[in-house]
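I'd like to walk you through one structure, starting with charged pairs and ending up inside the core. Here it is on the screen.

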Amino acid sequence: YVRMLGVEPVGGYGYSIWEFEVYGALVGEQSEPEPEEINIALNKPSKASSEYIDPNDGSKQYYSSLAFDGSSTAINGKQSRWVSNRNSNDEWIYVDLEDTYDISKIVLNWEGTSKHEYKILVSDDQETWQEVVHRTDGVGVQEIKLDELITGRYVKMQGVKVGAKYGYSLWEFEVYGVSLKGDLKAYYDENKNIDVSNYTPK
């Protein structure tokens, strides 16, 4: 049994909870450990439509690579984030995963409090892009779990409508998925010891 025991409510309307969720494993049953999630976009090559240069901060340039360096704060005293040119809706940033993956999740960590409208696109060749997400609430940390696996090598955030005059700004742009080569290796490891002596070749 798991209980939320109130001590003192805030306000005159009592306690109010949308959901009360509990996670765990049934006693006596051994559950499979969850596989570790790996950000496959970390430190991968990237490109953006623009990279803002701040004249008020020693001409610091907010490179696209700063959205894929694993830092959501600062490096060497400088904020580690990508920023597009200001007052422009049609801005984008994409990452080259350097291999083809089955992509399951994307995490965007937006800087600022303004909501941006944007799309997430995936491609095999940087020419034909498949739209997989279209959102109008780009703010804060957004974990986007795809309804089905999307196969591709390049993942792009395509801005539609910027939420503030300061442009699009991402602390981090993370991608999660499984390499197709990894799937093939797992299949090989699983079947490499099969006895084929009874099979007759055609």
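**Salt bridges, a greasy patch and a core**

Okay, so first: Glu-143 is partly exposed, with a relative accessible area of 46%. Keep in mind that this is a predicted model.

Why start with Glu-143? Well, Glu-143 belongs to a network of salt bridges, together with Glu-37, Lys-105 and Lys-145. Let's take two of its links. Glu-143 and Lys-105 pair up through their side chains, with 3.6 Å from N to O. That pair ties together distant parts of the chain: Lys-105 sits in strand β7, residues 92-110, and Glu-143 in strand β10, residues 141-161, so they are 38 residues apart. Glu-143 also makes a salt bridge with Lys-145, again at 3.6 Å, N to O.

Now, are those two lysines buried or exposed? Lys-105 is buried, at 7% relative accessible area, because the cut-off for buried is under 20%. Lys-145, on the other hand, comes out as exposed, at 59%.

How many salt bridges does the structure hold? Seven. Another one of them joins Arg-135 to Asp-137, and there the closest N and O atoms are 2.9 Å apart. Both partners are partly exposed: Arg-135 has a relative accessible area of 24%, and Asp-137 comes in at 27%.

Let's move to the nonpolar side chains, and begin on the outside. Val-2, Met-4, Tyr-15, Ile-17, Phe-20 and Val-22 make up a nonpolar patch on the surface, and together they have about 610 Å² of accessible area. Take Val-22: this residue lies in the segment before β1, which covers 46-48, and it counts as exposed, at 54% relative accessibility.

Here's some background for the next bit. In soluble globular proteins, nonpolar side chains tend to be buried together.

So what about the inside of our model? The largest nonpolar core has 28 residues, and the members that touch the most others are Val-155, Met-157 and Phe-173. Strands β7, β8 (116-123), β10 and β11 (169-179) each put in at least two residues. Which strand gives the largest share? That's β7, with eight residues.

Last stop, Phe-173. If we skip neighbours within four places in sequence, its contacts include Ala-41, Phe-68, Ile-93 and Leu-108. Val-155 and Met-157 are among its contacts too, and those are the two residues named alongside Phe-173 as touching the most other core members.

That's me done, happy to take questions!

Conventions: Residues are numbered from 1 along each chain as its sequence is written. This is a predicted model: local features need pLDDT of at least 70, side-chain atom pairs count only at pLDDT 80 or more; totals for chains, interfaces and linings use all residues. Side-chain values use heavy atoms; hydrogens and water are left out. A salt bridge is a side-chain nitrogen of Lys or Arg within 4 Å of a carboxyl oxygen of Asp or Glu. Helices (H or I, at least four residues) and strands (E, at least two) are DSSP runs, numbered from the N terminus. Buried means under 20% relative accessible area, exposed over 50%, partly exposed in between (1.4 Å probe, protein chains only). Patches are made of residues with over 30% relative accessible area and no salt bridge: like charges are joined within 9 Å, nonpolar side chains (Val, Leu, Ile, Met, Phe, Trp, Tyr) within 5 Å. Accessible areas come from the Shrake-Rupley method with a 1.4 Å probe; for residues, only the protein chains shown count as cover. A nonpolar core is a set of buried Ala, Val, Leu, Ile, Met, Phe, Trp, Tyr and Cys residues joined through side-chain atoms within 4.5 Å. Contact means heavy atoms within 4.5 Å.
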